[in-house]
Amino acid sequence: MTRRFALMLDPVAADEQRDDYTDTFTAVDAAAPALSVGELSTQRGDGVFESIGVVDGHAQEVVPHLERLAHSARLCDLPAPNLEQWRQAVQHAAARLEAGESVIKLILSRGVEHGPTPTAWVTAAPAADFSAVRREGVKVVTLDRGYDLGAAERAPWLLLGAKTLSYAVNMAALREAQRRGADDAVFLSSDGFVLEAPTASLILRFGDRFTTPAPNGGILHGTTQLSVYEHLSARGFDVGYDRIPAADLTAADAAWLVSSVRLAAPVTAVDGTPLPVDLALTDELNAYLLSPRD
Ligand code: PLP
């Protein structure tokens with residue numbers, strides 16, 4: 001059992017079928033050099049990725065993550081990933097992790113300048129301890145994302161619905177949130193609608209109805225949000241996708257930022273205005289998100 005490692009994948013065409021892809025994986029120590037200096041993911045952020053939560057060796061929601069990887073690859077004109085090869089790589093990595101929470105990342109890059117293309121690898125590492133933030137929550141500030149809700153459709157080259165490796169803007173938004181005394185951010189469209197957090201989806205509660213921004217305005221469709229909606233629907237709650245005006249944020253009865261590794265973090269304040277926190281439901285959501293999910 002190892003705690004931190006990578007598997008380099010020899011990419012197999014999407015339509016090639018084999019029973020066993022193990023011989024296309026090469027294990028490398030996470031501290032060992034593995035990428036070429038001509039690698040376009042490191043030079044330009046030109047590639048796509050996924051982060052999958054692993055709990056006690058069980059990789060969560062693998063298929064939705066693989067489908068989103070394929071969707072991101074399509075938007076970026078990258079070769080379609082062979083999903084069975086990636087699925088086996090995830091299982092191979094998960095089986096080598098110790099008990100507790102870990103994270104497996106899938107990276108599909110444009111490849112090496114003037115060299116082999118694409119490049120693909122999987123990393124596995126222990127997850128940070130998010131138990132405190134799952135209980136104590138996050139204060140958020142709203143930040144302008146700089147495009148309107150129509151931008152994704154009008155300008156597909158902005159790759160707004162793809163989970164690309166170009167996360168410098170997302171990381172800058174988190175630093176700006178901290179400069180403003182908050183823990184996290186919620187992006188707003190330039191026409192005043194709620195989008196998502198830099199590394200999470202947002203779910204709001206109004207009475208017995210739960211809502212999240214519709215994932216067609218240039219945001220990612222979160223696998224955790226989908227999973228939470230399945231749980232809430234089974235509990236008899238009404239769930240939906242809406243255009244949510246920024247002003248609605250502070251009117252919510254509760255709100256959460258949800259993502260694959262941190263899971264559900266209750267929002268305790270928006271731009272300095274406190275929001276009610278439903279501790280019991282938050283605990284229930286995190287217990288559900290920590291249970292094995294396929
Ligand atoms: N939105 C953005 C921009 C993200 O980076 C993430 C997570 O990585 C999410 C939403 C939530 O997605 P998921 O629940 O699949 O982790």
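1. A residue counts as buried when its relative accessible area is under 20%, and as exposed when that area is over 50%, with partly exposed covering what lies in between. The structure discussed here is a predicted model, and the points below should be read with that in mind.

2. By that cut-off Y229 is buried, because its relative accessibility is 5%. Y241, by contrast, has a relative accessibility of 34% and therefore falls in the partly exposed class.

3. The ring centres of Y229 and Y241 are 5.5 Å apart and the planes meet at 55°, so the pair is classed as tilted; rings count as edge-to-face only when their planes are over 60 degrees apart, and as stacked when under 30. Since Y229 sits in helix α7 (residues 223-234) and Y241 in strand β11 (residues 238-242), the pair ties together parts that are 12 residues apart in sequence.

4. Elsewhere among the aromatic residues, F210, F237 and W256 are joined into a cluster by ring pairs.

5. Two arginines are placed over phenylalanine rings. R145 lies over the face of F187, at 5.1 Å from the ring centre, while R243 lies over the face of F193, with 5.5 Å to the ring centre.

6. The ligand is surrounded by 18 residues, of which the closest are K163, Y167, T223, T224 and S260. For K163, a polar side-chain atom lies 2.6 Å from an oxygen atom of the ligand, and for T224 the corresponding distance from a polar side-chain atom to a ligand oxygen is 2.5 Å. R68 likewise places a polar side-chain atom 2.9 Å from an oxygen atom of the ligand. Taken alone, the ligand exposes 390 Å², and the protein buries 95% of that area.

7. Where does E61 lie, and which residues does E61 contact beyond its neighbours in sequence? E61 is found in the loop between β4 (58-59) and α2 (62-75). Once the neighbours within four places in sequence are left aside, E61 is in contact with S227, R293 and D294. Although E61 belongs to a loop, this residue is buried, because its relative accessible area is 8% and the cut-off for that class is under 20%.

Terms used
Residues are numbered from 1 along each chain as its sequence is written. This is a predicted model: local features need pLDDT of at least 70, side-chain atom pairs count only at pLDDT 80 or more; totals for chains, interfaces and linings use all residues. Side-chain values use heavy atoms; hydrogens and water are left out. Helices (H or I, at least four residues) and strands (E, at least two) are DSSP runs, numbered from the N terminus. Buried means under 20% relative accessible area, exposed over 50%, partly exposed in between (1.4 Å probe, protein chains only). Contact means heavy atoms within 4.5 Å. Rings of Phe, Tyr and Trp (its six-membered ring) pair if their centres lie within 6.5 Å; planes under 30 degrees apart count as stacked, over 60 as edge-to-face and the rest as tilted. A charge sits over a ring if NZ of Lys or CZ of Arg is within 6 Å of the ring centre and within 35 degrees of the ring normal. A residue is near a molecule or strand if one of its heavy atoms lies within 4 Å of it. A polar contact is a pair of N or O atoms within 3.5 Å; within protein, one must be able to donate a hydrogen and the other to accept it, and residues adjacent in sequence count only if both atoms are side-chain atoms. Accessible areas come from the Shrake-Rupley method with a 1.4 Å probe; for residues, only the protein chains shown count as cover.
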